[in-house]
Amino acid sequence: RGTVCLGGHALVRSNTKIYVDRGAVLSIGHNLRMGAGVIINCLNNIVIGEGVRIGHRSQLLDSNMHFMLDVRRRRVAPLRKRIVIGGHSWLTNTVTVYGGTVLPSRSVVASGTVLNKDVTALGNGNIIGGTPLRVLSSDFRLVNNYAKEREIDAYYKANPDGEFPVVGEISEHEWFDNQL
């Protein structure tokens, strides 16, 4: 009933449910890869950047569906809040993203993590997760190029106890520019 803006190719696995309410906007960047059983419930605004991967059984919910009265503070919190998933990020399996989340580009979110706020202060290129949310490891990027993934996979099949050698410059195109 709302608007879906698809910026290019997307791979969406089975049993995925996407709902966009009247007046809401779901914007998806080029080269989305989404696992099975993902739920996207967009009642306001969800922005998914380019090259994002969303693991199976994850969910993006920009509304808590019911108004909540804070009796002590005498206020009602907003029902709907925007979600922004930065480009080239990876939500591993069973990640829940609530309204108000702003995830920096090139983030990796650990399995089972719940996001509900702006975490841009954590910076780009981190593995984040836990309760409370924290940086688990830094200076990582998801290899998001099918050809490079096949090359690395072949290396580890031949050298199961080895360590893949990274030689030369790490170019955006060779490592992170994937075309579906």
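Predicted model: local features only at pLDDT ≥ 70, side-chain atom pairs only at ≥ 80, totals over all residues.

Tutor: Residues are numbered from 1 along each chain as its sequence is written, and side-chain values use heavy atoms, with hydrogens and water left out.

Student: How many salt bridges does the count come to?

Tutor: A salt bridge is a side-chain nitrogen of Lys or Arg within 4 Å of a carboxyl oxygen of Asp or Glu. By this rule, the number of salt bridges is seven.

Student: How many residues apart in sequence are the parts that Arg 1 and Asp 21 tie together?

Tutor: The side chains of Arg 1 and Asp 21 form a salt bridge, at 2.9 Å from N to O. Strands here are DSSP runs (E, at least two residues) and helices likewise (H or I, at least four), numbered from the N terminus. Arg 1 lies in the segment before strand E1 (3-6) and Asp 21 in the loop between strand E3 (17-20) and strand E4 (25-28), so the pair ties together parts whose separation in sequence is 20 residues.

Student: Is Lys 148 buried or exposed?

Tutor: Lys 148 belongs to helix H1 (residues 146-158). Buried means under 20% relative accessible area, exposed over 50%, and partly exposed in between (1.4 Å probe, protein chains only). Because its relative accessibility is 4%, Lys 148 counts as buried.

Student: With which side chain does the side chain of Lys 148 make a polar contact?

Tutor: A polar contact is a pair of N or O atoms within 3.5 Å; within protein, one must be able to donate a hydrogen and the other to accept it, and residues adjacent in sequence count only if both atoms are side-chain atoms. At 2.8 Å, the partner of Lys 148 is the side chain of Glu 174.

Student: Is Lys 157 buried or exposed?

Tutor: Lys 157 forms a salt bridge with Asp 153 (3.2 Å, N to O). Both lie in helix H1, four residues apart. At 64% relative accessibility, Lys 157 counts as exposed.
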